[in-house]
Amino acid sequence: MSLLEVNDIHTYYGKIHALKGISLTVEQGEIVTLIGGNGAGKTTTLNTICGITPASSGTVILNGEDITRRKPHDIVTLGVVQSPEGRKIFTRLTVQENLEMGAFTRDDKGSIGNDMDSVFKHFPRLKERQKQLGGTLSGGEQQMLAIGRAMMAQPHILLLDEPSMGLAPLLVREIFDVITTLNRNAGTTILLVEQNAHMALAVADRGYVLQSGYITHADTASALRQDPSIIEAYLGV
Ligand code: ATP
């Protein structure tokens, strides 16, 4: 049984048919990436999984349980946690308070301190800045904070929406290193939406290519990296 199974979802914004039958799976321990151009439906896929933009048909199954019609906060409690596009941290709260907000759905408040230590281990720069306001961090640090905050909810699966967006190349590399480390060392399963197909396919086990609300390719990341049509359309060669 897959950790996450998305079956033939259709999602609309009013009359706009954004997802036209998306199916995908994510296995425990994998990094799976969704790549594709602007408006392909990547963010909508994540938001449909999270219950923010519910599917009009199709199903989302987590660990065998149908979560298609569950409310977003229930879905977070079940362990599907998103770090949204554009970071969306709380700029007027400190780093530490932002991280505490990530744990608000948990009822095991006693172990939150341990998890914060673990986030600080992954992101030493956040520890140095723990009393600083979120809004004073650099773009890369805010991205780390957004990922750290999502980790505080103890995800079974972490959904990352464009973590490299707007970052300088060196920071992009650093963010992708962190994603790999979270997966390898913390065992976190990750569904990664990216426009940076190069980096995404370098860290992922498998990938799906979205175009205009459809999946056009589904394969291992290494096969996608060698596919001439993917190279031409998404890898800029
Ligand atoms: P990007 O990287 O540009 O965010 P994406 O692959 O994440 O692209 P989506 O944001 O999921 O794409 O958009 C899929 C389609 O749905 C697009 O045609 C987009 O214009 C439309 N869409 C997205 N959000 C809304 C909304 N709130 N209202 C109406 N249409 C929307």
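Helix α3 (residues 95-102) and helix α6 (residues 139-151) pack at an angle of about 35°, and their axes lie 7 Å apart. Helices here are DSSP runs of H or I with at least four residues, strands are runs of E with at least two, and both are numbered from the N terminus. The axes are lines fitted to C-alpha atoms, for helices over the stretch in contact, and angles run from 0 to 180 degrees between N-to-C directions. On the α3 side, Val 95, Asn 98, Leu 99 and Gly 102 meet Leu 145, Gly 148 and Arg 149 of α6; contact means heavy atoms within 4.5 Å.

The model is predicted: local features need pLDDT of at least 70, side-chain atom pairs count only at pLDDT 80 or more, and totals for chains, interfaces and linings use all residues. Residues are numbered from 1 along each chain as its sequence is written, and side-chain values use heavy atoms, with hydrogens and water left out.

Helix α6 also takes part in a charged pair. Glu 141 forms a salt bridge with Arg 125, with the closest N and O atoms 3.7 Å apart. Because Glu 141 lies in helix α6 and Arg 125 in helix α5 (residues 124-128), the pair ties together parts that are 16 residues apart in sequence. A salt bridge is a side-chain nitrogen of Lys or Arg within 4 Å of a carboxyl oxygen of Asp or Glu. Glu 141 is buried, at a relative accessible area of 5%, while Arg 125 is partly exposed at 25%. Buried means under 20% relative accessible area, exposed over 50%, and partly exposed in between, with a 1.4 Å probe and protein chains only. Both residues belong to a network of salt bridges that links Arg 125, Glu 128, Arg 129, Glu 141 and Glu 174.

The whole structure has 6 salt bridges. One of them joins the side chains of Arg 206 and Glu 30 at 2.7 Å, N to O. Arg 206 is in strand β9 (residues 206-211) and Glu 30 in the loop between β2 (16-26) and β3 (31-35), so this pair ties together parts that are 176 residues apart in sequence. Arg 206 and Glu 30 are both buried.

Glu 194, in strand β8 (residues 189-194), is buried yet has no salt bridge. Lys 42, the nearest side chain of opposite charge, is 8.6 Å away; Lys and Arg count as positive, Asp and Glu as negative, and His and the chain ends are not counted. The side chain of Glu 194 does reach the backbone nitrogen of Asn 196, at 3.0 Å.

Note on methods: A polar contact is a pair of N or O atoms within 3.5 Å; within protein, one must be able to donate a hydrogen and the other to accept it, and residues adjacent in sequence count only if both atoms are side-chain atoms.
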